[in-house]
Amino acid sequence: MTLKKWILPCVATLCVLQSHAQYNQLWIPDTLSGTTFDLVIRDTFRQVAPGNQTITGGINGNFWGPTMIWNKNEVVHINVNNQLTDTTTIHWHGMHLPAIMDGGPHQPIPPFTTWAPYWKVNNNAGLYWYHPHLHMMAEEQMTMGIGGMIIIRDSVESALNLPRTYGVDDIPLALSDRKFDALNQFTVAPYGDSMMTNGVLRAEYTVPAQVVRLRLLDAANERSYNIGFSDNRTFYVITTDGGLVNAPVPVTRFLLSAGERVEILVNCTGQAGTTVDLRAFNAEITPQIPGGESFPTGPFANALGHINFNILHLSIGAATTGAITTIPTALTTNTFYNESSALLTRTVTISDSAIGAGGPTFFLNHRLFEMDHIDYHIPLDNTEIWELKSTSNFGHPFHIHDVQFYLLTINGATPPASQQGWKDVVLVPANQTARFITRFTEYSDSLKPYMFHCHIALHEDAGMMGQFVVGNSPAGIMNKTQNARMKLYPNPTKGLLHFAMTDNIIIKHATVINMRGQVVREFELNTHESDLNVADLSTGLYFLRLTDAEGGSYVKSYLME
Ligand code: C2O
Ligand code: CU
Ligand code: CU
């Protein structure tokens, strides 16, 4: 029987389906820990539904790749090997890192090559993720299911009495939805007809009768999920995108938008033998929120629009030994940027246009993305307020790379307590203005940009994206003391360059940049001193940029004779 025949009647009778208990066991992605990570991207298969297997993109053999566990302050090295017959990129969503390591549209990984970024992790403990980010290909490659989750641990979070046994009382949940064709294959579409939790249809899982931590990621192309439980129980928000909030926030709903993460605690103490469903209460959201619309026909038609549906059926089993049974009263003390320390306010406009056949196109700053257009040059260490001013008739989840921000206001009002934390995605509601404050610290590179965009994959692909560089000088020369640790000779050269670093600083990466800012040569290295052969470059002035094992960079110019 094909999936379509099997799925459609179920959708029409959702409540009946739930009592039929045709559940599938939730898949818990494997974990990888340490400081060196090997990720291989290749097509793979998964038995998603009875009948044909589904071809999916996959990392290390699984649709929904491994969860990487990183420790704050450690340097991580990642080897991303692309075995697809197509170019891709892998972006580390939420990370503060050098732009060249960011994995955005400017770091393509051609087929059958390996990209090896590395940087010092300095994000707070929390849930982050990785996914493809090739310009105009994001929707297709994300639909294939390439990606995975990242859990960062740090000393603050580790000292708390929180559940953290992966897959037992600490459950990672990547939420998305898919449309299938008659042969069980994914159809690239903004909205799916079937909820998939960690890539599983109608997922169920048994959790212990104690406090359980659910780490939720909205990995969907477009849909927001209005999270809650079937018995409307209170649950507790403990993190926003970029780490712990000051204290758990009790809620009965949390609206999670594309790209966004939230960790929640749910207290199942004393409930062994009962069941409860984690659900999306999307019948409660307006048609201006992605997932709140119900399109009967057309490219956006789908079986989950503006209805409530299950995300995960939970059976509550016996408690584990050493179970956590209470919700903590305090978590951390965040110090957010003070509004008076902002040097400027940037206004990013969000607007609609009626052009194009597939419906409206959405603009940031009244223009569409171009790879070689830099919207903002931001001085290093600038503290800024970004005012996201929407005249669009639809809500858009706005995301910025490199930094975490603090939300000041949404539509002029203080955001709810459950959003008062470090964030990198905010849903800007239709025709409203959201304001956040952030600071652009540590990494400057005036050649490699970071992105800001709508996290709805279709909108992003269609050009609802912009880019900024941090630092103003042509080759990212921001720190002269830093550059003094690099010796470069002979200069002028006829084609052989020799660099030597003081203090045995190990250089991992060398880049030659021409006067127009283009990267003309790249070298992978692992040494504090080496010869570089650049004899094939034409005469003129160049910059050599070296990057060390922690992402620090050193720049000198040289003349080629
Ligand atoms: Cu999760 Cu620029 O993306
Ligand atoms: Cu990102
Ligand atoms: Cu959008």
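1. W92 and W119 are both buried (under 20% relative accessible area, with exposed over 50% and partly exposed in between; 1.4 Å probe, protein chains only). The two rings form a tilted aromatic pair, 5.7 Å centre to centre with 40° between the planes. Rings of Phe, Tyr and Trp (its six-membered ring) pair if their centres lie within 6.5 Å; planes under 30 degrees apart are stacked, over 60 edge-to-face, the rest tilted. W92 sits in strand β7 (residues 91-93) and W119 in strand β9 (residues 118-120), so the pair ties together parts 27 residues apart in sequence.

2. On provenance: this is a predicted model, where local features need pLDDT of at least 70, side-chain atom pairs count only at pLDDT 80 or more, and totals for chains, interfaces and linings use all residues. Residues are numbered from 1 along each chain as its sequence is written, chains are lettered from A and ligands numbered from 1 in the order written, and side-chain values use heavy atoms, without hydrogens and water.

3. The whole structure holds 28 aromatic pairs. One aromatic cluster is formed by Y376, W386, F398, F405, F436, F440, Y450, F452 and F468.

4. The protein chain has six helices and 42 strands (DSSP runs numbered from the N terminus: H or I of at least four residues, E of at least two). Its C-alpha trace spans about 80 × 55 × 45 Å along the principal axes.

5. Of the 561 residues, 60% count as buried. Among contacts (heavy atoms within 4.5 Å) with a separation of 6 or more, 75% come from residues 24 or more positions apart.
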